[in-house]
Amino acid sequence: MNELAEVWRYRELLLNFVRRDLKIRYKNSVLGFAWSLLNPLFQILVLVIAFRYMMPVGGRNYSAKLFLAMVPWMFFAQALMDGTSCVAEQVQLIKKVYFPRLLLPLSTLCSNLVHFVLGLAVLAGFFALRHVTLEWSHVPLALGGLAIQIAFLAGLMLAASSLAVYYNDVKFMLMSLVQAWFFLSPVMLPPEMALHGLQQQMPFPQVAKAIYLLNPMAPPLIAYRTLLPHDAVGATTNDYLQVITQLVPDFMSYYAASALVAAAMLLVGFLIFRRLQWHFAELG
Amino acid sequence: MAYSPAIVVNQVCKAFSLPHERIVTLKGALLKALRGRSGKDTFVALKGVSFSVQPGEVLGIIGANGSGKSTLLSMIARIYLPTSGQVTTRGRVCALLGLGAGMNPELSGRDNVFLNAALYGLRRQQVEARYGAIADFSELGDFMLAPMRTYSSGMFTRLAFAVAVHLDPDILLLDEVLAVGDEHFSRKCSEKLVEIRSSGATIVLVSHQLRQVAQLCPRAIWLHHGEMMMDGPTDQVAEAYVSKCG
């Protein structure tokens, strides 16, 4: 735990790294910071056109539900991609100065968190414009989901950033993985629909549903979704958590399992990073 | 404790695995496993080096290319861990193993001063207190607020060195970074170094230029193929070095 105490002593450098990331990210672009918001908005627009109008499976208020899932997903995907290259890109610096190497993935996570918070502000504005009502009683569930997501993400970033110094393959592997992950996670496809589909179409529906929910990103994303009411025509309840527990009675166990997996990932990522960090300067 | 050394290097060995032995592909990994090689192809950069430096002492390290000078300095700076043996330091270490570490061309000179100084462990207030002196020393004037990509290489070096000499470390490690800029600026840097030395900082200097080492350091160490050949007064060490390698 020496490493963590040292990170605390270097907290000012951490702030400097974050400030640098934010300043540099949109250098030489006219719209600058707005790009970090325009990119997801554009994706959301495309998906809304696709699933609200071209293949209308999204249901009512699809744009609000999609938006709510996309903001944390883009945070996850972008932070993971940035995190993978954060050490490899700074090998020259690592060869010149000693500082806790943990600051590199940590500052990448923090600057992406800043973008995420800005994304949330836009999301709040969108909800206000559309007069979306929130299910406030599920805020703790959603916040717990966010904690799970961040812990899992941090663990992945630690492992990926240190391994990518040795094997560039990690970067390409993760790029394909994140793509597939996006389609198989409850982001653009409403989870109740995905679970229903798996139940009807797969040869071993219980196994398929379990695999779907054992994706550590699935329970957090479903937890965010519970903030919005279930508004399907002819629904018996408008509490989304109830809809999910009707489909998957032990949803809360999957939620707990994702918390465990996230904690394990964080620990494993930290151990991998700690083991490899002294070799960063000797490579490249 | 008053006389405990600032730097202790105790029986330090450093071995690097040779780059061509790095497994970069799956095929390579499989081939290597099939051949049953244990991957022991290493290059030993330092072989059991020991010495200590007292607080306020100025030590020069001389030796031919590839003698392990820079490796040794990097190890005191905690860039590398020794393969065996220990290195201990007391106080804040600033290693100038290359100028302008972490400086970013997109940021202004001013932002880079804060970033670069933070990398060497300075607090924000400390940088603010020194900022005027750094800006003066660099002679950059209004360019401090312009992005560094607009700088000439001379301006870049001047700013990097201006930060470097204002870090006020307990231990300063220098790797052949002194010969920078034009003659006027180079002289200014040498003067500043004498000032740092008289302020009581411990300095370790690695250089090819014997003249420079002789000027600044009363004591020198001679490394040859990773082994310490001699440790003593600079004129004697330099003489032995020149007669063997000169």
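This is a predicted model: local features need pLDDT of at least 70, side-chain atom pairs count only at pLDDT 80 or more; totals for chains, interfaces and linings use all residues.

Student: What radius of gyration would a compact globule of 284 residues have, and what does chain A have?

Tutor: The globule would be near 19 Å, and chain A, at 20 Å, agrees with that. The C-alpha trace of chain A spans about 65 × 45 × 35 Å along its principal axes. As for burial, 39% of the 284 residues of chain A count as buried. Of the contacts in chain A between residues at least 6 apart in sequence, 79% join residues at least 24 apart.

Student: Which residues touch the most other members of the largest nonpolar core?

Tutor: Ala95(B) and Leu173(B) do, in a core of 146 residues. Helix α7 of chain A, residues 139-166, gives the largest share of this core, 16 residues. Leaving out residues up to four places away in sequence, Ala95(B) touches Leu73(B), Ala77(B) and Leu173(B), along with Val97(A) and Tyr98(A) from chain A.

Student: How many residues does each chain bring to the contact?

Tutor: Chain A brings 16 residues and chain B brings 21. On the side of chain A that touches chain B, α2 (11-25) and α5 (91-96) each supply at least two residues. The largest share of that side, 6 residues, comes from α2(A). By type, the residues of that side are 8 nonpolar, 1 polar and 7 charged.

Key
Residues are numbered from 1 along each chain as its sequence is written. Chains are lettered from A and ligands numbered from 1 in the order in which they are written. A nonpolar core is a set of buried Ala, Val, Leu, Ile, Met, Phe, Trp, Tyr and Cys residues joined through C-beta atoms within 7 Å. A residue is buried if 20 or more other C-beta atoms lie within 10 Å of its own, exposed if 12 or fewer, and partly exposed in between; C-beta atoms are placed from the backbone. Helices (H or I, at least four residues) and strands (E, at least two) are DSSP runs, numbered from the N terminus. Two residues are in contact if their C-beta atoms, placed from the backbone, lie within 7 Å. Ala, Val, Leu, Ile, Met, Phe, Trp, Tyr, Cys and Pro count as nonpolar, Asp, Glu, Lys and Arg as charged, and the others, Gly among them, as polar. The radius of gyration is taken over C-alpha atoms; the globule rule is 2.2 Å times the number of residues to the power 0.38.
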